[in-house]
Amino acid sequence: LAALVPISSERSSYNGLLLLLFIASAVGLTKLMVWLMASQATRRAPAWDCGFPATTPLTQYTAGSFSQPIRRVFGSVLFRAREDIDMPPPGDSRPAQMNVRLHDVIWDACYAPLSSAAAYLADTLNVLQFLTIRRYLGLVFATLVVLLLVVATWS
């Protein structure tokens with residue numbers, strides 16, 4: 001056991017051969033114990049059904065089942081959720097309907113201004129797509145002159 005201790009505090013290295021033998025013997029002992037304790041009989045059992053023995057659409061998770069708890073907790077405050085439920089009276093054969101309207105406040109505050117700015121910039125720069133070859137070359141030349149002037153004044 002003393003051979004597993006590092007040789008010196010400066011080098012902090014282990015005896016590699018002894019470490020390899022220790023790991024190999026631990027793996028071999030584990031394999032032997034599993035082989036001795038395991039049964040050779042084939043076991044047959046039904047597949048795990050996640051707690052739902054009937055695989056009908058009613059027992060499956062949907063996007064609505066994942067989002068409903070979040071909508072219930074934060075719906076009125078964060079999303080301004082509105083639920084309209086149309087429940088027919090007894091004896092009426094039409095199905096019940098539920099409509100959920102969500103208003104994402106974060107989207108309106110953060111992403112909508114960025115999206116409209118990007119759309120405006122794309123519409124403005126769309127003119128460059130339809131230039132002739134002469135105008136493209138003129139634009140490249142003007143850009144080169146401006147960049148050279150920037151480099152000359154910066155140096």
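Mentor: Let us begin with a definition: helices are DSSP runs of H or I with at least four residues, strands are runs of E with at least two, and both are numbered from the N terminus. In this predicted model, the protein then reads α-α-β-β-α-α along the sequence. There are 4 helices and 2 strands.

Trainee: What is the predictor's confidence in this protein?

Mentor: The mean pLDDT of the protein is 85, and 87% of its residues reach 70 or more. Among the elements, helix 2 (residues 63–79) has the lowest mean, 80, while helix 4 (residues 133–154) has the highest, 95. Where pLDDT is low, the predicted coordinates should not be read in detail.

Trainee: Why is D92 called partly exposed?

Mentor: Buried requires a relative accessible area under 20%, and exposed requires one over 50%. The value for D92 is 35%, so D92 is partly exposed. D92 is found in the loop between strand 1 (82–86) and strand 2 (97–101).

Trainee: What makes the pairing of the D92 and R94 side chains a polar contact?

Mentor: The cut-off for such a pair of N or O atoms is 3.5 Å. The side chains of D92 and R94 make their contact at 2.9 Å, which is within that cut-off.

Trainee: What is the distance between the end C-alpha atoms of helix 2?

Mentor: They are only 17 Å apart, short of the 24 Å that a straight helix of 17 residues would reach. Helix 2 also bends by about 55° at V73. R80, which follows helix 2, has a positive phi, near 50°.

Methods. Residues numbered from 1 in each chain as written. Heavy atoms only, no water. pLDDT = per-residue confidence, 0-100. Buried < 20%, exposed > 50% of the residue type's maximum accessible area, 1.4 Å probe, protein only. Polar contact = N/O pair within 3.5 Å; in protein donor to acceptor, adjacent residues only side chain to side chain. Expected span 1.5 Å × (residues − 1). Bend = angle between axes of the 7 residues up to and from the residue.
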